[in-house]
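Biologist: I'd like to learn how to read a model like this one. Can we go through it feature by feature?

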Protein chains: 2
Amino acid sequence: MYYIGFDIGASSIKAVLARDRQIIKSGVRDLPGDLENLLLALIKMHTELIAGLGHEEIGGVGFGLAGAMDLERKIMLNSPNIKYLNGQPVKELLEGRFRGHRLKIEHDAHCFLLAEKEAGLAKNMKNVFYLTLGSGIGGAFMINGQIVAGSHGAAGEAGHMIMDMEKYTGWEELGANKFIKNILGVGSAEAEQRRRGGDKKAEAAFTHLGKNLGVGIANIINIFDPEAIIINGGISATAGMLWPGIEEGVDKFVVSPAAKKTQILLSELGQFGGALGAAILVEKQGL
Amino acid sequence: MYYIGFDIGASSIKAVLARDRQIIKSGVRDLPGDLENLLLALIKMHTELIAGLGHEEIGGVGFGLAGAMDLERKIMLNSPNIKYLNGQPVKELLEGRFRGHRLKIEHDAHCFLLAEKEAGLAKNMKNVFYLTLGSGIGGAFMINGQIVAGSHGAAGEAGHMIMDMEKYTGWEELGANKFIKNILGVGSAEAEQRRRGGDKKAEAAFTHLGKNLGVGIANIINIFDPEAIIINGGISATAGMLWPGIEEGVDKFVVSPAAKKTQILLSELGQFGGALGAAILVEKQGL
């Protein structure tokens with residue numbers, strides 16, 4: 001049986017066809033600017049992925065979405081990075097387009113962590129905090145081997161932790177691509193190219209970003225004391241540059257000497273980790 | 001059977017004699033300035049509490065301690081607010097003084113939450129974040145009805161969450177009695193008296209404290225999405241004053257509209273909640 005997984009993030013849609021927790025085929029598209037084109041893009045990607053397969057070979061379709069959802073009614077309550085989803089009855093809309101398929105919808109970071117737990121670094125771990133670092137910062141965590149949804153389905157929003165009491169700035173404004181864009185005025189790919197080209201301002205921006213990441217990671221370790229923090233997302237490509245700042249933050253700001261030993265790991269699942277998790281989600285659970 | 005519980009905090013020692021999760025007798029002392037006097041104070045308080053009881057009626061003695069401990073070896077690794085405990089083999093020291101008693105040692109906030117779970121507001125709850133607001137801010141949490149110790153025994157240190165990226169100030173410098181002391185130069189009791197007397201500067205300090213508390217509580221809700229946050233500690237007395245700031249923070253900074261409904265509750269266990277939890281700890285678990 002094959003499963004389809006979509007990861008609908010702040011800047012792109014990633015999709016996979018998976019079997020036995022392995023990615024068979026994958027695809028990426030830029031995130032469309034409105035709801036109708038998003039739905040059309042999903043259907044197109046789906047059609048490409050299932051080409052050549054019979055309907056009976058598709059076990060279902062899973063969706064990972066960025067934002068705070070009403071997980072019972074599957075209505076998007078607040079998606080700071082995909083604003084046109086706000087207030088939308090996501091499940092109903094998707095069911096309208098994916099008729100005859102079993103669908104499953106979850107928070108995107110939850111899907112990333114599920115993939116990590118089933119097919120990645122968290123396989124034999126119990127307490128893990130997962131961070132997706134891209135345009136913004138998403139989070140999910142597991143305690144005693146169970147991914148925690150929260151009492152209102154909203155757990156893990158570490159990116160919105162306020163870390164500046166002057167301007168009440170959230171962590172994702174300081175520790176993700178938004179920060180680079182604010183300083184350099186360009187996207188992360190261009191910024192990274194400038195940095196490689198020896199641009200001092202770009203280099204300073206990434207160094208500062210690493211420090212800001214380190215402080216937020218220290219906050220998470222102080223609160224959760226996980227065995228590992230696993231990082232994924234667009235920023236991973238620049239991880240080498242960010243590492244000294246992350247290590248400095250943990251060393252300076254984690255209170256417990258024992259908790260300073262928390263492993264900080266880069267996911268090995270790559271950019272399709274979230275989509276793989278969405279596929280695993282539908283494989284693991286019935287509708 | 002009776003159980004003794006001690007709560008050794010940043011400014012005082014609280015102790016109770018408990019039976020069936022109820023406080024029978026209690027006592028308070030200021031925290032002594034050195035280790036030897038701390039141990040002497042504990043023995044004196046213990047002697048007062050067990051007066052008239054036979055040794056066979058005492059089921060054990062529990063201790064709640066502020067700071068990051070090596071929970072296996074029971075060595076205090078880092079107690080920012082009781083510095084003379086740092087590096088001390090706490091269990092060994094206590095065993096030397098409390099010979100013939102079953103002893104149990106835990107993080108103080110863990111004890112507070114345990115009391116809440118066994119005899120307080122968290123009795124029928126699953127996901128709770130507990131905050132002790134006094135000189136500093138301590139924390140503990142439970143997920144699915146289980147108090148989480150963390151992978152290195154250091155979970156819950158929300159007070160050390162950095163919330164100011166200029167001076168790298170931790171939450172407890174902004175949202176606890178330390179903050180009042182920094183602004184007004186006096187302790188919280190004197191500050192509270194000034195405020196009641198109509199002192200505008202004192203009033204502004206408490207209002208600001210409430211706002212800072214609200215932002216940190218919003219951070220915790222964004223990350224954990226608990227069903228309730230329960231607050232205890234010396235600051236509870238001024239809770240009425242702090243409430244508007246707390247509500248404002250939650251309203252402004254919690255991302256998920258569903259999670260804004262998280263209950264924020266004042267503990268009904270009062271100042272001996274931590275000591276009661278320490279007594280319950282030893283009642284629940286063998287040595």
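Biologist: Let's begin where the chains meet. How many residues does the contact take from chain B and from chain A?

Modeller: Keep in mind that this is a predicted model. The contact takes 42 residues from chain B and 42 residues from chain A. On the side of chain B that touches chain A, strand E5 (68-70), strand E6 (75-78), strand E11 (162-164) and helix H7 (200-224) each supply at least two residues. H7(B) gives the most, with 7 residues. By class, that side of chain B has 24 nonpolar, 12 polar and 6 charged residues.

Biologist: Which rotation and shift superpose chain B on chain A?

Modeller: The general idea first: two copies of a chain are related by a rotation about an axis and a shift along it. Here, a 180° rotation with 0.0 Å of shift along its axis puts chain B on chain A, with an RMSD of 0.0 Å. That is how a two-fold axis relates two copies. The same surface serves both copies, too: 100% of the contact residues of chain B recur in chain A.

Biologist: On to helix packing. At roughly what angle do the axes of helix H7 and helix H8 of chain A cross?

Modeller: In general, two packed helices are described by the angle between their axes and the distance between the axes. For helix H7 (residues 200-224) and helix H8 (residues 239-253) of chain A, the axes cross at roughly 40° and come within 7 Å. H7(A) and H8(A) are therefore oblique to each other.

Biologist: Is the crossing of H7(A) and H8(A) left-handed or right-handed?

Modeller: Right-handed, for H7(A) and H8(A). Among the residues that meet there are A:Phe206, A:Leu213 and A:Ile217 in H7(A), and A:Trp243, A:Ile246 and A:Phe253 in H8(A). The contact of H7(A) with H8(A) divides into 14 nonpolar, 5 polar and 3 charged residues.

Biologist: And domains? Into what is chain A divided?

Modeller: There's domain 1, covering 2-112 + 272-284, and domain 2, covering 123-268. In chain A, the C-alpha centres of domain 1 and domain 2 are 25 Å apart. As for touching, 15 residues of domain 1 of chain A are in contact with 15 residues of domain 2 of chain A.

Biologist: Which helix of chain A gives the most to the domain 1 side of that contact?

Modeller: H3(A), with 4 residues. Strand E5 (68-70) and helix H3 (108-119) of chain A each supply at least two residues of that domain 1 side. Its classes are 7 nonpolar, 6 polar and 2 charged residues.

Methods
Residues are numbered from 1 along each chain as its sequence is written. Chains are lettered from A and ligands numbered from 1 in the order in which they are written. This is a predicted model: local features need pLDDT of at least 70, side-chain atom pairs count only at pLDDT 80 or more; totals for chains, interfaces and linings use all residues. Copies are superposed by least squares on the C-alpha atoms of residues with pLDDT of at least 70 in both. Two residues are in contact if their C-beta atoms, placed from the backbone, lie within 7 Å. Ala, Val, Leu, Ile, Met, Phe, Trp, Tyr, Cys and Pro count as nonpolar, Asp, Glu, Lys and Arg as charged, and the others, Gly among them, as polar. Axes are lines fitted to C-alpha atoms, for helices over the stretch in contact, and angles run from 0 to 180 degrees between N-to-C directions. Angles under 35 degrees count as roughly parallel, over 145 as roughly antiparallel, 65 to 115 as roughly perpendicular and the rest as oblique. A crossing is left-handed if the near helix is turned anticlockwise from the far one by less than a right angle, and right-handed if clockwise. Domain bounds come from an automatic or database domain assignment.
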